[in-house]
Amino acid sequence: MQTSIQRWEPENAAFWAEQGKKVANRNLWISIPALLLSFAVWQLWSVVAVNLNTIGFAFTTDQLFTLAALPSLVGATLRIFYSFLVPIVGGRNFTILSTGTLLIPAIGIGLAVQDTTTSFTTMVVLAALCGFGGGNFASSSANISFFYPKRVKGGALGMNAGLGNLGVSVVQFLAPVVITMSLFGGLGGDSQTMVKNGVESVVWMQNAAFVFVVPIVLTMIAAFFGMNNLATAKSSMREQFVVFKRKHTWIMSFLYTMSFGSFIGYSAAFPLLMKTQFPEINPLQYAFLGPLVGALIRPVGGWLSDKLGGAKVTFYDVIAMIAATFGVIYFMNAGSFAGFLTMFMVLFVTTGIANGSTFRMIPVIFGKNPKEGAAVLGFTSAIGCYGGYFIPKTFGMSIEATGAPDLALYAFILYYVASLIVTWYWYARKNAEVKC
C-alpha cells in the first residue's frame, strides 16, 4: 500500500468516485477506533476517581474532582500543538505515534492503583498523562478533514468525532465490569478489597486501565498498514499560524467550548456529581449513559447541519441546552434522581448535536482555504477542551463553598446565553457576517 499519496482531489467528482472515497473511508475507519481509545484513556479518571477511596485511598472530594478534571486541562493544551502537527508530520505517522503514547498512562495507572500508599502527587502526574488521549482529537479531526469533499465533510467529521467520543461511554461502562474479575491472571497483579456501604467485595481496579493495552497496540498496527499521509496536506507552522489572526477562529473557539467543553466536562464530572448529590445511587450504573447519547447524536448534528445549516442548528440547540440545565437544577433540588437523570440525558443530547453543528460551521466559514479550516478545526477543539477542566473544577469549588453545585450550573447557563447571542449575531441572523 502507498503510505504517502501525492495526488488528492476530493472535490473532483471523477477522482472521488474512482479512488478517493475508498481511501478516505479506509482512513476514517481506522481513525475512529484510534480516537475511541484516546477518549477512553483520557476519561479513565472519571471512573477510577469514584472508586479510589473505596479501596483504601483517602482523598478529599476536591482532590477527586481535580483528578477527574486534570486530563482535560492537559489534553486541551496538547491539542493546541497537535492541531498543527498533522500537515507537518503526516496523518498516518502522527496517528501511530499519538496512539502509542496512550500506553504510558494505561500501564502507569494500572500499576499505581494497586498500592494505596501511592501519593496524590503521583496520581496527579498520571491524570495529567491521560491528557495524551485528549490531545489526539485535534490531530484526528484535522487529518480527516483533508480527506473529504466539502459536501460530506460535516458527516465525516461527525462520524469520526461522534464514534470516537464513544470512548467515554466505553470506559465508563467497561471499567465497572472488568474490575470484578481477574482478567489477566497472575500478570495483572493482586486484587483489592472494596468497601461500599459496609459491604466488602474483591476487585482488580488495575483492569480499568490494563484492559486498553492490547487494543492500543492492535490499533497502532492497523494505522501502520492501513492509513495514508497526504502530500497535498503539507504546510508549515508559519502557514498555519495565520489562523490566529482570523476573528472567526476565536469566535468559533468560544462556541466550541460551549458544545464540546460541556460534553467532556459533564462526562468527567457526572459520576462524582451523582455520588455527591444522590449518595444512595451507584453512579457507575448510569454514568456511561450521558456520554453514550451525546456521542451517538453528534453525527446527527453534523448531518442536520449539512442539510439545514450549522448556525441554525446551533442556535435552536443552545436554547434547548439552557432549558435542560434549568431542569437539572430543579430536579436536583427536588431530590428526584429520575428527573435529574432525564434532564442530564437531554443536556448530553444537546451538547452532542452542538458538537456536530459547530464543527460543521468551521469548514463553511473557512471554505476558501481548506488548510486554514483544518488548522481552525484542531485549534477550536483545543480551546473547547478546556471546558473539560473547568466544569468539574467549578462543580468541586461550588460544592466546597456552598455544599451544592447550583452556582456552577447557573454560571454555565450564563455562558450558554452568551453563546446564543454570539451564534445569532455573527452566523444565524438575516444579515449575519457569515451565513453558515
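Trainee: So, by class, how many nonpolar, polar and charged residues are in the lining of the largest cavity?
Mentor: Keep in mind that this is a predicted model. The lining of the largest cavity has ten polar residues, four nonpolar ones and no charged ones.

Trainee: Which residues lie nearest the centre of the largest cavity?
Mentor: Those are Thr95, Ser98, Asn136, Ser139 and Ser140, out of 14 residues that line the largest cavity.

Trainee: And which elements give two or more residues to that lining?
Mentor: Three elements do: α1, α4 (91-100) and α7 (131-147). Of these, α4 gives the most, with five residues.

Trainee: How much space lies in the largest cavity?
Mentor: About 100 Å³.

Trainee: What lines the second largest cavity?
Mentor: Its lining is made up of Val86, Pro87, Gly90, Gly91, Asn143, Phe146, Asn229, Leu230, Ala233 and Lys234. The elements that give two or more residues there are α3 (61-89), α7 and β4 (229-230).

Trainee: How does that lining divide into nonpolar, polar and charged?
Mentor: For the second largest cavity, five residues are nonpolar, four are polar and one is charged. Compare that with the lining of the largest cavity, where no residue is charged.

Trainee: Okay, new topic. You mentioned α1. How far apart are the end C-alpha atoms of that helix?
Mentor: Helix α1 covers residues 13-42, and its end C-alpha atoms are only 38 Å apart. With 30 residues at 1.5 Å a residue, a straight helix would reach 44 Å, so α1 falls short of that.

Trainee: Where does α1 bend?
Mentor: At Gly20, by about 55°.

Trainee: What goes on at the start of α1?
Mentor: There, Asn12 has a side-chain oxygen that reaches to within 3.0 Å of the backbone nitrogen of Ala14.

Trainee: Let's zoom out. How many helices and strands does the chain come to?
Mentor: The chain has 18 helices and four strands.

Notes:
Residues numbered from 1 in each chain as written. Predicted model: local features only at pLDDT ≥ 70, side-chain atom pairs only at ≥ 80, totals over all residues. Heavy atoms only, no water. Bend = angle between axes of the 7 residues up to and from the residue. Polar contact = N/O pair within 3.5 Å; in protein donor to acceptor, adjacent residues only side chain to side chain. 1 Å grid on protein atoms, 1.4 Å probe; cavity = no way out; pocket = protein on both sides within 12 Å on 5 of 7 lines; lining within 4 Å. Points joined across faces, edges and corners; volume = space filled by probe spheres on them. Nonpolar A, V, L, I, M, F, W, Y, C, P; charged D, E, K, R; others polar.
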